[in-house]
Amino acid sequence: MKYKFLLATLASMALTGLFVLAGCESKDKKETAEAKAAPKYLVLYYSQNGTTKMVAEEIQKALGADIEAFEVEEPYTGSFEETIARVGKEKQDGIIPKVKPIQADIEKYDVIFLGYPIWFGTFAPPMAGLVDVQKFKGKRIVPFCSFGSGGLEVSVKDLKAALPEAVIAEGYGVRTARTAAIPAEVNRFLIENKFVEGSVEQLPEFSAPTPVTEAETKIFDAACGDYQFPLGTPVTFGKRSIAQGTEYKFDVKSLAPDGSEASAIIYVIVSNNESEKPMFTRVVR
């Protein structure tokens, strides 16, 4: 009897131990799976006048991401005209500005939000300096930028060429004249691209392109007429209703820098608030 009791006790202890081990193993696997499921984010950006910084901080806040601003060894100082003159000469001479070493360990991160202003139609030279030395191999890169008129699409294309070993995702851009729109637009961007949970109203499609009339030309001129550079002549338009009012999509004929004929798409919002003038949100060339 004592022998049988001893065997039963040992069997019970062994079984209990197996359950404990199985429970621990299950918990460990769950914690490991959760760790793998939660990507590590870094927001890495260059900002000249503060707009790109505003976008960076909005993304960082929404994701709880690490954040770092990088700098060039020889800062771009002086007036707008002086900065443009310097950048123009650098482009002409093939000079890529050197950047100071970044502090973040890139290898720790799964997704890197890469921010920059648009200069001369694409990412600013400081970003060119960064991608010249850091190729972000195997990383998912999410571009974001600020601009005077546009340039997101061209900059994403140029990033893909500069970073062939990275995965370049869809990006977000905002005009420096529209900083008030940043929180809502960044929130929509993060939800639509599944970086955060939530839902946003599905936007309707634009109506079919229609030749502009005097009424649409007046809207276009009110939104674009006071911009510092000519944006072209609207030819056709489509429109859709959005929460803020009505959004127009203008197909525009313009001139390229070399004087040849070019085309662009310009998006304009006419606010529900009649006291607000129409504003263009971006130019896609």
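I began at Ser155, whose side chain makes a polar contact with the side chain of Tyr116 at 2.7 Å. For the record, a polar contact is a pair of N or O atoms within 3.5 Å; within protein, one must be able to donate a hydrogen and the other to accept it, and residues adjacent in sequence count only if both atoms are side-chain atoms.

Ground rules next: this is a predicted model, where local features need pLDDT of at least 70 and side-chain atom pairs count only at pLDDT 80 or more, while totals for chains, interfaces and linings use all residues. Residues are numbered from 1 along each chain as its sequence is written, and side-chain values use heavy atoms, with hydrogens and water left out.

Back to Ser155. I found this residue in helix 5, residues 152-162 (helices are DSSP runs of H or I, at least four residues, and strands are runs of E, at least two, numbered from the N terminus). Buried or exposed? Ser155 is buried, at 0% relative accessibility (buried means under 20% relative accessible area, exposed over 50%, partly exposed in between, with a 1.4 Å probe and protein chains only). Leaving out residues up to four places away in sequence, Ser155 touches Tyr116, Ile118, Thr122 and Phe123; contact means heavy atoms within 4.5 Å.

Then I looked up the rings. The structure holds 15 aromatic pairs (rings of Phe, Tyr and Trp, the last by its six-membered ring, pair if their centres lie within 6.5 Å; planes under 30 degrees apart are stacked, over 60 edge-to-face, the rest tilted). One of them is Tyr227 with Phe280, edge-to-face at 5.4 Å centre to centre and 90° between the planes. Tyr227 lies in the loop between helix 7 (214-224) and strand 9, and Phe280 in strand 12, so the pair ties together parts 53 residues apart in sequence. I noted Tyr227 as buried at 16% and Phe280 as buried at 1%.

Phe280 also has a charge over its ring: the charged end of Arg175 sits 3.7 Å from the centre (the test is NZ of Lys or CZ of Arg within 6 Å of the ring centre and within 35 degrees of the ring normal). Arg86 lies over the face of Tyr76, 3.7 Å from the ring centre, and Tyr76 forms one aromatic cluster with Tyr46, Phe70 and Trp119.

I read an open sheet of five strands, order 8-9-10-11-12, with antiparallel pairing (two strands pair if DSSP finds at least two bridges between them). Its edge strands are strand 8 (210-211) and strand 12 (279-284), each pairing on one side only. Nine bridges join strand 9 to strand 10.
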